[in-house]
Amino acid sequence: MATRTIAGKTVQVNDEGFMTNPAEWTKEIADELAKEEGIDCLTDAHWKVIEFSRVSAKDSGKAPTLRTITTGAGVSTKELFQLFPKGPAKKVARIAGLGKPEGCV
Amino acid sequence: MKKLVILGAGTAGTMVANRLVRTLKMDKWQITMVDKDPVHYYQPGWLFVPFGIYEKKDCFKPKSKYIPSQVKMLQADIQCVEPENNRVILADRTVLEYDYLIVATGADIYPDETPGLNEGEWGKSIHTFYSMNGAVALADKLRNWNGGRLVVNVVENPIKCPVAPLEFLMLADWFFHKRGIRDRVELIYATPLPGAFTKPIANKKLSYLLEKKNIIVEPEFMIERADPDAKKIVSYDEREVEYDLLVSVPLNKGADYIGRSGLGDELNYVPVNKHTLLSNKFSNIFVLGDASNIPASKAGSVAHYAIDLFGENFLRHLEGKEMHEEFDGHANCFVESGFGKGLLIDFNYTVEPLPGRFPVPGIGPMKLLEESRLNHLGKLGFRWMYWNILMRGQSMPLPATMSMAGKWKE
Ligand SMILES: Cc1cc2nc3c(=O)[nH]c(=O)nc-3n(C[C@H](O)[C@H](O)[C@H](O)COP(=O)(O)OP(=O)(O)OC[C@H]3O[C@@H](n4cnc5c(N)ncnc54)[C@H](O)[C@@H]3O)c2cc1C
């Protein structure tokens, strides 16, 4: 598995740049990954989603689905698409240091 | 007498009832089952109905034929569970008290949750194969369809049998070839996931199939609404996909009574320990089959392996012993790929589908993650096994947890 240095910290990543060990994640890493996803500044609304997703993933062992995020973090799907344009499920997962949302194959 | 109530007599409920009448001392137990529908559907068969491979009559049997005689079967809609009072209330106000409860009411489709889907065009230009009636109506449609853009859309995950939409598309490719109109049909797969295959090795090994069959993927498509008049689906990020025929896999959810009883998550699935299937909140409620929130595929094969391990664990739990935290999310699914071929995938919570041979390492005869004629025959043969082995509560001669033997990582 490859490693990468993000915000001064060396972390494990997969081929597509998703972190593979959520424990290595820091808020600084989130800032940096957000920029790569085209989000220049993470606002409180972003953080609410990111923090909820990390707690949810800790329980379930996988990145949350959009519905889990909208119900759990109290944002609407429309808002989520505004906060993380074009594919929020994947973007939130990447920025929050969680694996990519996956199907079974 | 101790009382056990089993809610739902589908795949999981039927399997577990047949196991328990053999393992429990039946002079000390009273088992009651509840299901609203007297018909047991073989849901994997619904995939084949639209293409005329199976007919409706090939996909169902009366439930009563598979319920053990020692079990009392009630036909009723479930109103709610009162877990604090250890009782179930049925729609006709019957009250069932229990010492232990098994929830096995599965998941179902909710087309009303997506605006535009279940309106005037439902059954006309908008179809589904995720119900018996839907599959039959789609067969009528496809028999005479003159071609155009066929879009398969998964509204939201998780869904039952997550590979079924892809299988549908690969079978559609074959079906329209056979009908001589493949050149007049576009096949499009609009999925909320980042691609048709999301696991690295499966992606590498199987992407060629979609290219070969000319199936176009529209990834990360989260449908907001269907526009039945303009014949297009619109995503939350305002992408539009036009169709002539929309085959929808509507939102899948657990039963409404689960929500009413305060037992469910946002999709009415019951949170459980993923290794023991015991409810997180109530130590006398187990959840088997699609009704739980375990991060495994919602598939009959998963229910079967889970129930293999549940049997012994339940006895330990009754004696007050620790349960073995054993269930690993093992799934083993045949995947139709069209033209008389199929794939076989074997995986669990942590190990992705890998190439190899199954079930005998090095020998097979089934090939994992590779197309073969035998895998297709396996899928068709599964129907016999379902009714005659699984629904009789017999075990398949296979270990319940996944094995790495005979697999390789490339
Ligand atoms: C198109 C399709 C293809 C599939 N292909 C495959 C495959 O190839 N391989 C595979 O392993 N799996 C496949 N599956 C999945 C498989 O069918 C399910 O995972 C399996 O049936 C789940 O079993 P269950 O007992 O949890 O739910 P079900 O078998 O759905 O049973 C639930 C039961 O609960 C009853 N019920 C629900 N609500 C209530 C209520 N309120 N009151 C009373 N009764 C109620 C229902 O009537 C039903 O009998 C497929 C599914 C579909 C839809």
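Modeller: Welcome! A word to start with: domain bounds here come from an automatic or database domain assignment. The model itself is predicted.

Biologist: Thanks! What makes you place the ligand between domain 1 and domain 2 of chain B?

Modeller: Domain 1 (2-109 + 253-318) and domain 2 (111-252) of chain B each give residues to the shell around the ligand, so the ligand lies between them.

Biologist: Which residues of that shell are closest to the ligand?

Modeller: Of the 35 residues surrounding the ligand, the closest are B:G8, B:G10, B:Q43, B:G106 and B:G289. Helix 1 (11-23), strand 2 (29-35) and helix 6 (300-318) of chain B are the elements giving two or more residues to the shell. By class, the shell has 18 nonpolar, ten polar and seven charged residues.

Biologist: Why are helix 1 and helix 6 of chain B called roughly parallel to each other?

Modeller: Their axes come within 10 Å and cross at roughly 30°. Angles under 35 degrees count as roughly parallel, and therefore helix 1 and helix 6 of chain B are roughly parallel to each other. Helix 1 of chain B passes helix 6 of chain B in a right-handed crossing.

Biologist: Which residues meet where helix 1 of chain B touches helix 6 of chain B?

Modeller: From helix 1 of chain B they include B:T11, B:A12 and B:M15, and from helix 6 of chain B they include B:G300, B:A303 and B:H304. By class, that contact has seven nonpolar, five polar and one charged residues.

Biologist: And how many residues does each chain bring to the contact between chain A and chain B?

Modeller: Chain A brings 22 residues and chain B brings 23 residues. Helix 3 of chain A supplies the largest share of chain A's side, four residues.

Terms used. Residues numbered from 1 in each chain as written. Chains lettered and ligands numbered in written order. Predicted model: local features only at pLDDT ≥ 70, side-chain atom pairs only at ≥ 80, totals over all residues. Contact = placed C-beta atoms within 7 Å. Near = placed C-beta within 6 Å. Nonpolar A, V, L, I, M, F, W, Y, C, P; charged D, E, K, R; others polar. Axes fitted to C-alpha atoms, helices over the stretch in contact; angles between N-to-C directions. Parallel < 35°, antiparallel > 145°, perpendicular 65-115°, else oblique. Left-handed = near helix turned anticlockwise from the far one by under 90°.
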